[in-house]
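Take a walk through this model, from the whole chain down to one residue. Keep the 3D view open as you read.

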Amino acid sequence: MSGSAALEYGFPSTHSTNAVSVAVYALFTLNHPSSTVAPTIKILLEILSYTYATSIIIGRVYCGMHGLFDVVVGSVLGAALSVLECLYINKFDSFIHEGSFKALSIVILIICVLVRIHPEPADDCPCFDDSVAFAGVLCGIEIGNWHYAQSPLSWDFPVPATVPFNLEDLGWPKTIIRICVGVFCIVAWRSVMKMVLLKVLPPIFRIVERLGLSLPRRFFKQASEYDNVPSHLKTDNVMPSVSEFPNLFSSIRHPRRSRSISIGPQSEADAYEALAFRDRKRRESISSIGGTSRSWNSNVKQDESTKDYFKHTKASSQPNGISTAIFSPYGTPSIETSGSQNRSKTSVFTPSALYDTTGNTNELARTPSQVRRQDAREEKEIFSKLVKHRVRYDVEVITKMIVYSGIAWLAVEGNPILFHYLGLGLDRAPIL
């Protein structure tokens, strides 16, 4: 694995961490004395848990996303976290639900610090946005559970801050109304608060920046560099906005027959990884020719981080209206077509040919300066094909934290209280 892949995917493998933690938690739950799962179903679920974790771990290594050490440490970390949760989750819940506001504040502060020290990715990827949304949900849940557990409206069984609910007592009509009202409140909160915060926060951030207290992050524009955040900006890749719902329903009712397949480098780190691979294949090809080629190769300055070895060619189209962009480190692949069914064009990105039409090597016929000029042209072309990311603003981080904290709070406390006053709640105590 090259340095480019290591920069993009990092250490340890969080995919392995998540997969193993889920599998360990599932196995712990299935084998708990209070489990009522039938033996046959239990065995099937255990096999599914083992298969899920193993496939993720092997897949990360097989696809070249991580090295063996990355997935081993990630797996150990995931297992350790899951074991800690299984053994001490009740004590942690008691610490939050029965503790003072000071205990809650400590937990919220730790979450905010973790967001601040979140590693900056090599590329502008949504991993940081997902982490911020997840952290916001955690804050909202802990705040809501802490306060709702002290309310007379909540149940203490099976755990503190349990929302009163029983389908037999409420019935389907009230249950459906609860769902609709709850979703409406969440969507309304998200739409209103995001719009308000993106207007209010930039002036505050400029004041903080002038005081020298700003904490800029890579890929985020600071408030002093812009006047305002454009309206209708798609700042969320986790939850669709209200304006996207019609298109979402339309795509479900009328799925498109044609689709776009994107194969190959999707980011700068991917592109550099492909370039490094192409450079290695070139050296191996030249070295295999003999001593003369090795001598010629020593006169050519190779730079894996800045050279591009891909050539854009037009190939026959794929059937069924599928548009394909292929990045191949080996040369132009042979593409089979099926006559009149092919309607869309395929963009194939391949390295400059090392061989002429007769099959003889022509690499030695090119001078080092010609190689460097060709590499520069190819580098420009491949990076021009990468998707350009939108401008991102520093206020988006706090906005996402507040919005998702509110969503979680509504789910665990706000909406249940609203249901109670709307006559959609359940007043009686749970049956133990």
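The text below goes from overall figures to a helix pair and then to a glutamine in a loop.

This is a predicted model. The chain has 432 residues, and 36% of them are buried. Its secondary structure comprises 12 helices and four strands.

Now consider how the chain contacts itself. Take the contacts between residues at least 6 apart in sequence. Of these, 74% join residues at least 24 apart.

Next, find a pair of helices. Helix 6 covers residues 127–148, and helix 12 covers residues 395–421. Their axes come within 7 Å. They cross at roughly 35 degrees, and the crossing is right-handed. Which kinds of residue form the contact of helix 6 with helix 12? The residues there divide into 17 nonpolar, six polar and three charged.

Finally, go to Gln222. Gln222 sits in the loop between helix 7, residues 167–210, and helix 8, residues 245–253. Is Gln222 buried or exposed? Its relative accessibility is 17%, so Gln222 counts as buried. The cut-off behind that call is under 20% relative accessible area. Which residues does Gln222 touch, leaving aside those up to four places away in sequence? They are Glu209, Ser214, Pro216 and Asp394.

Definitions and conventions. Residues numbered from 1 in each chain as written. Predicted model: local features only at pLDDT ≥ 70, side-chain atom pairs only at ≥ 80, totals over all residues. Heavy atoms only, no water. Helix = DSSP H or I, 4+ residues; strand = E, 2+ residues; numbered from the N terminus. Buried < 20%, exposed > 50% of the residue type's maximum accessible area, 1.4 Å probe, protein only. Contact = heavy atoms within 4.5 Å. Axes fitted to C-alpha atoms, helices over the stretch in contact; angles between N-to-C directions. Left-handed = near helix turned anticlockwise from the far one by under 90°. Nonpolar A, V, L, I, M, F, W, Y, C, P; charged D, E, K, R; others polar.
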